[in-house]
Amino acid sequence: MALSKTQYDTLMQKYEEKRRNNQLLEEHRYHEICEAIPEFYELDQQIAHNSIQKGKALLMGSSPAILEELKRSNMELSMRKIELLVEYGYPKDYLEPIYECPSCKDTGYIGQEKCHCLKKEIIKLLYSQSGITKQLEEENFSTFRYDYYSSNLIGDKPLSPRENISSIIELCKNFIDHFPEKHDNFLLQGNAGVGKTFLSNCIAKAILDKQCSVIYLTSFQLFDILEKHRFQKKYEEDNTSPNIEFHYLFECDLLIIDDLGTEMNNSFVSSQLFLCINERLLKKKSTIISTNLSLAQLKEAYTERVVSRFIEHYHICNIYGEDIRLLKAFRN
């Protein structure tokens, strides 16, 4: 499921608050009308009296004519109430139930199906928790530009940079089309400025738009969360709480770790990285990791068992070409 129980409960509390606030507004409007239009309150009392009489008539088995007369009387009284509202300058629907979303009446559901308003709220929540909301407005597949990648072969590469990135994007889009049923993982390698982070953001937006959860973290942020969790007891003694994101590291549908290899490395970092990627593999949760390091450098930095997980379970995508940031600066 894309949302955790806590996230779902938070959304449902918002819907409950909407209904409560609107109910208070309805009550306020009713008292306002009764005070401004005394006849309106009298009509309401008469309708209530007729309804009671109708209930008694049904129990006593009275003739259909009496029931029909009570029904006709209440209809006339209701019409008079609407006339009074209009006469006093109020909209005729002023006392109708108030809903922000008439489709689901602020419940979030139409039958057993999520309403369009709830789907919108889910996406909004997932975006806010991804950590890259603003970036995704500019960095997505609709703004991806192939012309930053040369169509000329370079060195001993079998494909030009443009052909290479095209094949990688085709692989990524296939992954997106079958997500979350397909639990692929990606290791995006390449020099600084070739578009690894941009591509990660493209994938993130597409997954978020499918109402699935995405967490984006730099390697610094990732290991900071892991370190805080490791020393959780200390934080509890200090009456503070470790970052709740630790739970999301293993439960979110897609975890993106950006710039692996730029953090201060040590034995703790290596062991925690293995824990993170291995746990997500076991849970069948997808992970995207971008790095400037080669496999050989990753092996040296994080041990062979980490690299073996990459080789066995990740699509290893080597992105190459010119530094796009420099190209943009030059063109501008």
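## A loop residue to start with

Lys105 sits in the loop between α3 (64-87) and β1 (109-110). Helices (H or I, at least four residues) and strands (E, at least two) are DSSP runs, numbered from the N terminus. Lys105 is not a glycine, yet its phi is positive, at about 55°. Its relative accessibility is 48%, so Lys105 counts as partly exposed. Buried means under 20% relative accessible area, exposed over 50%, and partly exposed in between (1.4 Å probe, protein chains only).

This is a predicted model, in which local features need pLDDT of at least 70 and side-chain atom pairs count only at pLDDT 80 or more, while totals for chains, interfaces and linings use all residues. Residues are numbered from 1 along each chain as its sequence is written, and side-chain values use heavy atoms, with hydrogens and water left out.

## The whole chain

The chain has 14 helices and seven strands. Its radius of gyration is 31 Å, well over the 20 Å that the globule rule gives for 332 residues, so the chain is more spread out than a compact globule. That radius is taken over C-alpha atoms, and the rule is 2.2 Å times the number of residues to the power 0.38. Along the principal axes, the C-alpha atoms fill a box of roughly 95 × 55 × 40 Å.

Of the 332 residues, 40% count as buried. Contact means heavy atoms within 4.5 Å. Take the contacts with a separation of 6 or more: residues 24 or more positions apart account for 77% of them.

In soluble globular proteins, nonpolar side chains tend to be buried together. A nonpolar core is a set of buried Ala, Val, Leu, Ile, Met, Phe, Trp, Tyr and Cys residues joined through side-chain atoms within 4.5 Å. The largest one here has 45 residues. Leu199, Ile203, Ile207 and Leu254 have the most contacts inside it. Elements that give two or more residues to this core include α1 (5-36), α4 (116-130), β3 (186-189) and β5 (254-260). Helix α7 gives the most, with eight residues.

Leaving aside neighbours within four places in sequence, Ile203 is in contact with Phe141, Cys172, Phe175, Ile176, Leu254 and Ile288.

## Two helix pairs

Two packed helices are described by the angle between their axes and the distance between the axes. Axes are lines fitted to C-alpha atoms, for helices over the stretch in contact, and angles run from 0 to 180 degrees between N-to-C directions. Angles under 35 degrees count as roughly parallel, over 145 as roughly antiparallel, 65 to 115 as roughly perpendicular and the rest as oblique.

Helices α8 (residues 219-230) and α11 (residues 267-282) pack at about 95°, with axes 10 Å apart. That makes α8 roughly perpendicular to α11. Leu222, Phe223, Leu226, Glu227 and Arg230 in α8 meet Phe268, Val269, Gln272, Leu273 and Cys276 in α11. Helices α12 (residues 295-302) and α13 (residues 304-313) pack at about 140°, with axes 7 Å apart. That makes α12 oblique to α13. Here Leu295, Leu298, Lys299 and Tyr302 in α12 meet Glu304, Val306, Val307 and Phe310 in α13.

## A strand residue and its loop

Ile289 lies in strand β6. At 0% relative accessibility, Ile289 counts as buried. Ile289 and Phe310 are 21 residues apart in sequence and 9.7 Å apart in space, C-alpha to C-alpha. Contacts of Ile289 beyond four places in sequence include Phe186, Leu188, Ile257, Phe310 and Tyr314.

Asn292 is in the loop between β6 (286-291) and α12. Its relative accessibility is 36%, so Asn292 counts as partly exposed. Not counting residues up to four places away in sequence, Asn292 touches Gly190, Asn191, Ala192, Lys196, Asp259, Leu260 and Gln297. The C-alpha atoms of Asn292 and Leu24 are separated by 57 Å.

## Backbone details

A cis peptide bond joins Phe179 and Pro180, with omega about 5°. Pro180 lies in the loop between α6 and β3.

Gln211 has a positive phi, near 65°, and is a residue other than glycine. Gln211 is in the loop between α7 and β4. With a relative accessible area of 23%, Gln211 is partly exposed.
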